[in-house]
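Here are some notes on the model, point by point. Please read them with the structure open.

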Amino acid sequence: MSEQHHRPRKPGKPYRRPQKDPVRILAFEALRAVDERDAYANLVLPPLLRKAREKAGPDKFDGRDAALATELVYGTLRRQGTYDAVIAACVDRPLKEVDPPVLDVLSLGAHQLLGTRIPAHAAVSASVELARVVLGDGRAKFVNAVLRKVAQHDLDGWIERIAPPYDDDPEDHLAVVHSHPRWVVSALWDSLGGGRAGIEELLAADNERPEVTLVARPGRATTEELLQEEAAVAGRWSPYAVRLSEGGEPGAVDAVREGRAGVQDEGSQLVALALANAPVEGPDERWLDGCAGPGGKAALLAALAAERGATLLASEKQPHRAGLVAKALAGNPGPYQVIAADGTRPPWLPGSFDRVLMDVPCTGLGALRRRPEARWRRRPEDLEGFAPLQRGLLRTALESVRVGGVVGYATCSPHLAETRAVVADALKQFPEADLIDARPLLPGVPALGDGPDVQLWPHVHGTDAMYLALIRRTG
């Protein structure tokens, strides 16, 4: 009978199963979706939170867990550029050679160490446990070694080590300190018109968590009704705006669930209101929203049109987004129509409308507070892709409005190539069109610049960086 040989057990700690932390696993899954599928965190996170609540039960996954998961995802995405620079200083290879899932765990760990009040030992151990669950023991050791190096300094200490001095390279310094790509820093600085204080304040504002702002759709809800909600305060500029302070959940508001109110940044509300209140010569019966998806501005315009006996046509090229517009407008107190149509090849006749809003597709650099991943996804060459579309849509708008009517050209980007350059080109093509001073149509809103167009800013107005030019057709 042959002798059986058993491999001797190595001395040391017995094997321990990794502890599953639903909050950090959820945050990791959200970051992987953003990276792998080019998803947006604001679309990925809600279903993940819902699934976690259903799986664990409200007693084991409560509001505090949801808040921590949200902070981990958004905080990591906002500060990704800074954290990449920190991690790069702590590893012995180029970052592009670190597997993306490993880098996500490291980034989550870096945010806990440098961007939250979680104690360093807890941040490291929780990240190592997450690595054991999602990456395996071998990679968890690498995560442990890197994060222990990250933990040796606080954020200010790391900034001193990794950011070039401002005087040597201002744009690169600001890019590292405020976690924006260098080209975005440069473009925003140009739009602001120079000066260090303004660009520092804007970049810092992009990294703040924005408040949730609601809109009371006229004829269907009132701000008084919305202000009855817990944590609700009046908006700053729009008469229809109500802000929910930290922790306010729009889905818990009856008027939002019923579609009588919606979630809409105050800058977007101001753009719609300015167009609606611009003086027109002659009748005021037919309004057009030529890029209506997903429907926030269209819903406000349709409600304002209904109050005046006017009709809104909401047009959106992509059928699924046209469906979102139809949902937003359902129940509007007056007549309206939603169609799926290409705004550069419109099915309506020229000169059909008294007012036209064209809120064109753009880089979205004005909404980086809400979509922090967009700053890493966009490239300077994207501007070249948007330029012909933006010009084509504004041309359609000017052809679609009658003589004496008004066009509103809007973008959620302050980039000069998407704002003033597009408008200037259109006015060359349409000599029988004039800019209207938009500033008086935003009453009470300060610091609107030299006009006649308007640029809103997160650090000045607390809104997305919406741009608006109002143009009257004169012939």
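1. Leaving aside residues up to four places away in sequence, Ser 238 is in contact with Glu 266, Gln 269, Leu 270 and Leu 273. The model is a predicted one. Ser 238 sits in the loop that links strand 2 (232–234) to strand 3 (241–244). The relative accessible area of Ser 238 is 5%, and buried means under 20%, so Ser 238 is buried.

2. Cys 412 carries the annotation "active site" in an unreviewed UniProt entry; such annotations may be inferred rather than shown by experiment. Cys 412 is found in the loop between strand 9 (401–411) and helix 19 (420–429). With a relative accessibility of 16%, Cys 412 counts as buried.

3. Which residues does Cys 412 touch, not counting residues up to four places away in sequence? They are Asp 359, Cys 362, Gly 364, Leu 365, Gly 366, Ala 367, Asp 464, Ala 465 and Met 466.

4. Helix 4 (residues 80–88) and helix 5 (residues 100–115) have axes that come within 10 Å of each other and cross at roughly 100°. Angles of 65 to 115 degrees count as roughly perpendicular, and the two helices, helix 4 and helix 5, are therefore roughly perpendicular to each other.

5. On the helix 4 side, the contact is made by Tyr 83, Asp 84, Val 86 and Ile 87. These meet Leu 103, Leu 106, Ser 107, Ala 110, His 111, Leu 114 and Gly 115 in helix 5. Sorted by class, the contact of helix 4 with helix 5 has 7 nonpolar, 3 polar and 1 charged residues.

Notes: Residues are numbered from 1 along each chain as its sequence is written. This is a predicted model: local features need pLDDT of at least 70, side-chain atom pairs count only at pLDDT 80 or more; totals for chains, interfaces and linings use all residues. Side-chain values use heavy atoms; hydrogens and water are left out. Helices (H or I, at least four residues) and strands (E, at least two) are DSSP runs, numbered from the N terminus. Buried means under 20% relative accessible area, exposed over 50%, partly exposed in between (1.4 Å probe, protein chains only). Contact means heavy atoms within 4.5 Å. Axes are lines fitted to C-alpha atoms, for helices over the stretch in contact, and angles run from 0 to 180 degrees between N-to-C directions. Angles under 35 degrees count as roughly parallel, over 145 as roughly antiparallel, 65 to 115 as roughly perpendicular and the rest as oblique. Ala, Val, Leu, Ile, Met, Phe, Trp, Tyr, Cys and Pro count as nonpolar, Asp, Glu, Lys and Arg as charged, and the others, Gly among them, as polar.
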